Structure formats: structure tokens, C-alpha cells
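Here are my notes for anyone opening this structure for the first time. Have a look at the fold before reading on.

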Amino acid sequence: MSGTKEEDRKGSSDWREFFWNPRNHELLGRTASSWGMMIRPKGDQLEIVFSVSETESWDGFIHNLNTFLSPYNDSYQAQTNDNCPPDQYFIQEDSGEVRNNPKRSCQFNRTMLEECSGISDRFYGYNRGQPCILIKLNRVIGMLPGKDGQSPYVTCGAKKYKVGKDEWREDSDKIGPLVYFPPNGTFNLMFYPYYGRKAQVNYTQPLVAVKFLNASLNTDINIECKINSNTIAPGNERDKFAGRVSFKLRINDK
């Protein structure tokens, strides 16, 4: 015997809050600062190292980015996903025991990455020493990553690292200017919530690209990118390294 509509609604609400509780900003019992981040292209041990003048040193990065971005081609996205209104969640609730499946997904078009799309610049800046790095968040079912129409966004900067017992250093003087695509490095709210692979078969994860315009050459640069959101409370000691990704960038001119 099926439950009442009120019970069904309560069950649906309980299910959503199991994954994401907007009242205390907990995700499966942990804060939203526990979001995982990943970068592309894939390098060895989160290192992007190449020589501008040696094509073979960055060929693999270009191939990796092209393969990764092929599902984002505008023509494919137009066939499979919706052109959604931005800055609001794409909510697709179930109705009691009736599942609203398969659920639709919003288009993330490759051209949204502009100079880092591999279309206007097929080498993603690597041949000029201005590399593009793509950033994505891990998929988390049910998460609502922003409020009041404000999307979470990415910022990248110098990562502090230890050089002595009590001495720390950072490479802020080496990074140079950065530019983000889409503008402001946002993961737009329209790509959330995520309902799972079975329910949302054509889901395309949003991406952010950061382009290094004038990074110092022939030196290691330690970089950290992090997610910023108005739903994230100040991180505690346990989660201080979550919601961010660190990598080393080295651009050699020979």
C-alpha cells in the first residue's frame, strides 16, 4: 500500500537532505568544503611540465584535452541537452513513486571555454607558453552549491610550501596574470543538482578553464586552485585542504 502524498514528499525531502542539507551546509555529513577538484590535462603527479620549443613535450597534453572535450562539442550538446536559463537550479523533482527519468541536462558548450576551447587555438596556448588548465568538480548527487542566484567560482593563486623548518615560501611573483573561462570562473547553478548517472544519462559536468598569460619561464611554480561559494562555511582543520587542487607548472623555453 503506497503512502500518502505528504509522506511521499517527506520521503523525497529526506532523501535530498541525506546528500545535501542546506540548513547546516553538510554533504553526507561533511561540509561543502569537502568538494573534490580535478585538473586536465593529466600530468604525472599533478605536474604540467613542458618546453615551448619542443612540440613532443606538449603533444600529449593537447591530445588529452581534445579527447576530454569531445563530448562538449556544440553540435553534440545541442542534440542531447537543453539550452537552460542561467543562474538558477535545474530542478526535476520526482512525483511520489513516479520517477521523472530520464532527467534532462543543461548544455555546456565547448565554445564557452573561448580561448581554452581548442577551437580558436588548437594548441590551447602551449605552443606560446600560455597554457590552459581545465578544472572540474567531482560529481555529487543532490548538491546545491550556491544560493541567492550566486554560482560558485574558481580562483587560482600561489600555493605556500615549506622550504625550511619554520620557513614558508610562495610563488606569487612567478604566476603572472590569469584569465578564466567562462568569465569569472563560475560553475553555473543551472548544472545542478546532479541526479546520478542512471537518472541523468547525458549529464555534462561544467568546466572552468584558467589560462596563464605570462608565467615565469624555466622555474617551478606551485599553484593552488580552490572553489569559492556562499554556501561554504569557513573550513575546519579537517577540511582545510578540501575543495581545492594543487599542481606544479613549469614552462621551459628550450
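1. First, the ground rules. This is a predicted model, where local features need pLDDT of at least 70 and side-chain atom pairs count only at pLDDT 80 or more, while totals for chains, interfaces and linings use all residues. Residues are numbered from 1 along each chain as its sequence is written, and side-chain values use heavy atoms, with hydrogens and water left out.

2. The protein has four helices and 13 strands, taken as DSSP runs numbered from the N terminus (helices are H or I, at least four residues; strands are E, at least two). Of its 254 residues, 42% count as buried, meaning under 20% relative accessible area with a 1.4 Å probe, protein chains only.

3. Take contacts (heavy atoms within 4.5 Å) between residues at least 6 apart in sequence: 77% of them join residues at least 24 apart.

4. Now the core. The largest nonpolar core has 51 residues, and Tyr 126, Ile 135, Val 154, Phe 212, Ile 223 and Phe 247 have the most contacts inside it. Helix 2 (residues 55-69) gives the most to this core, with six residues. A core here is a set of buried Ala, Val, Leu, Ile, Met, Phe, Trp, Tyr and Cys residues joined through side-chain atoms within 4.5 Å.

5. Which residues does Phe 247 touch, leaving aside its neighbours within four places in sequence? Among them are Ile 39, Leu 46, Ile 48, Ile 133, Phe 212 and Ile 223, and Asn 222 is on the list too.

6. There are two cavities of 30 Å³ or more. A cavity is a set of points on a 1 Å grid over the protein atoms alone where a 1.4 Å probe fits but cannot get out, and lining residues have an atom within 4 Å of a point. Grid points are joined across faces, edges and corners, and a volume is the space filled by probe spheres set on the points.

7. The largest cavity holds about 80 Å³, and its lining includes Arg 139, Phe 187, Tyr 192 and Tyr 203. That lining divides into eight nonpolar, two polar and one charged. The second largest cavity holds about 30 Å³; Tyr 192 and Tyr 203 line this one as well, along with residues including Phe 90 and Cys 106.

8. Finally, about 200 Å³ of space lies in the second largest pocket, whose lining includes Thr 67, Phe 68, Arg 139 and Tyr 203. A pocket is an open set with protein on both sides within 12 Å along at least five of seven lines.

Terms used. Ala, Val, Leu, Ile, Met, Phe, Trp, Tyr, Cys and Pro count as nonpolar, Asp, Glu, Lys and Arg as charged, and the others, Gly among them, as polar. Buried means under 20% relative accessible area, exposed over 50%, partly exposed in between (1.4 Å probe, protein chains only).
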